[in-house]
Amino acid sequence: MRHLYDSMRLAWWKILCIVQLLIISVAGLLGDVPAKPILNETIRNYYFHVPMWFGMMIFFIVSVVFSVKYLRSGNLEHDIKAVEFANVGLLFCVLGLSTGMIWANYTWGKPWSNDPKQIGAAIAFLIYFAYLVLRNSMLDPDKRAKIGAVYNIFAFAMLFPTIWIIPRLLESLHPGGMGNPALNPGDVDSRMRYLFYFIAFPGWTLAGVWIASLHIRLKKLEEKKLQHA
């Protein structure tokens, strides 16, 4: 019983993650939503698309922080955490693009229309994908970590013009227009905002942290096997 209690105590955030994702999935698919012009039922995507983008930014921030820590300390564990959080950030970028394209297909008539926000997101994806390709092209662990860390800082800096600045200076079909999409009080109502901030956003973020933590543990095990080989 004591062992079970300790396991539950350590895994509370994983249980919370599962509960939150179940709640938001049901709310997103079956819950009551406001009838907004043009958006109609596609507003349900607010529970999936938007928190995935928020989560992506959090994981890229965590990744670049560990890259900076690696450059300061030379500790390869920081490099492992940097690349794994970047991997999860890239996964959430793909999920964000995919859910956005599904939404656009119903509201704009086609999944891709070269909207500034779509183009900016695609450029950000390619920049981070190049980060992973660059790392995998080098065999020396120290060289890979150093060059990867420097490039990761560059990639993070490029997020601001590609996603947060240039697309908001241009005309866009995306909700929010030339401002912050989905954060305008007129875009959603209080019911949806509550579910977003207290259920959807933390739920998807915890899911990403869970994935990253599993990959980090696997990488550490692989490193130990190589050291003892």
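1. Exposed side of helix 2. Trp12, Leu22, Leu29 and Leu30 are exposed (over 50% relative accessible area, with a 1.4 Å probe and protein chains only) and sit on the face of helix 2 turned away from its buried side. Helices here are DSSP runs of H or I with at least four residues, strands are runs of E with at least two, and both are numbered from the N terminus. The model is predicted: local features need pLDDT of at least 70 and side-chain atom pairs count only at pLDDT 80 or more, whereas totals for chains, interfaces and linings use all residues. Residues are numbered from 1 along each chain as its sequence is written, and side-chain values use heavy atoms, with hydrogens and water left out.

2. Buried side of helix 2. Trp13, Cys17, Gln20, Leu21, Ile24, Ala27 and Gly28 are buried in helix 2, where buried means under 20% relative accessible area and partly exposed is the range between buried and exposed. Seen down the axis of helix 2, its buried residues fall within an arc of 135°, so they line one face of the helix. That arc is taken over the directions from the helix axis to the C-beta atoms. An α-helix has 3.6 residues a turn, so residues three or four places apart point the same way.

3. Length of helix 2. Helix 2 covers residues 12-30, and its 19 residues should span 27 Å at 1.5 Å a residue. The expected span is 1.5 Å times one less than the number of residues. The end C-alpha atoms of helix 2 are 27 Å apart, in agreement with that expectation.

4. Overall composition. The protein has seven helices and zero strands, giving the pattern α-α-α-α-α-α-α along the sequence. Of its 229 residues, 43% are buried. The protein exposes about 12900 Å², of which carbon and sulfur atoms supply 69%; accessible areas come from the Shrake-Rupley method with a 1.4 Å probe, and for residues only the protein chains shown count as cover. Among contacts (heavy atoms within 4.5 Å) with a separation of 6 or more, 73% are between residues 24 or more positions apart.

5. Salt bridges around Glu77. The whole structure contains five salt bridges, each defined as a side-chain nitrogen of Lys or Arg within 4 Å of a carboxyl oxygen of Asp or Glu. Glu77 forms one with Lys81, with the closest N and O atoms 3.5 Å apart. Because Glu77 and Lys81 are four residues apart in helix 4, about one helical turn separates them. Glu77 is partly exposed, at a relative accessible area of 31%. Glu77 also forms a salt bridge with Lys220, where the closest N and O atoms are 3.0 Å apart. This pair links distant parts of the chain, with Lys220 in helix 7 and Glu77 in helix 4, 143 residues apart. Lys220 is partly exposed, with a relative accessible area of 31%.

6. The Asp79 and Arg135 pair. The side chains of Asp79 and Arg135 meet in a salt bridge at 2.8 Å, N to O. Asp79 in helix 4 and Arg135 in helix 5 (residues 116-136) are 56 residues apart, and the pair links distant parts of the chain. Both Asp79 and Arg135 are buried. Salt bridges that share partners join Glu77, Lys81 and Lys220 into one network.

7. His78 belongs to helix 4 (residues 76-107) and is buried, with a relative accessible area of 17%. Leaving aside neighbours within four places in sequence, His78 is in contact with Phe66, Lys69, Tyr70 and Ser73. Met56, in helix 3 (residues 49-73), is buried with a relative accessible area of 0%.

8. Nonpolar surface patch. Phe160, Ile165, Ile166, Leu169 and Leu170 form a nonpolar patch on the surface, with about 460 Å² of accessible area together. Patches are made of residues with over 30% relative accessible area and no salt bridge; like charges are joined within 9 Å, and nonpolar side chains (Val, Leu, Ile, Met, Phe, Trp, Tyr) within 5 Å. Leu170 is in the loop between helix 6 (141-169) and helix 7 (190-228) and is partly exposed, with a relative accessible area of 42%.

9. Backbone at Asn114. Asn114 has a positive phi of about 55° although it is not a glycine. Most residues other than glycine have a negative phi. Asn114 lies in the loop between helix 4 and helix 5 and counts as exposed at 53% relative accessibility.
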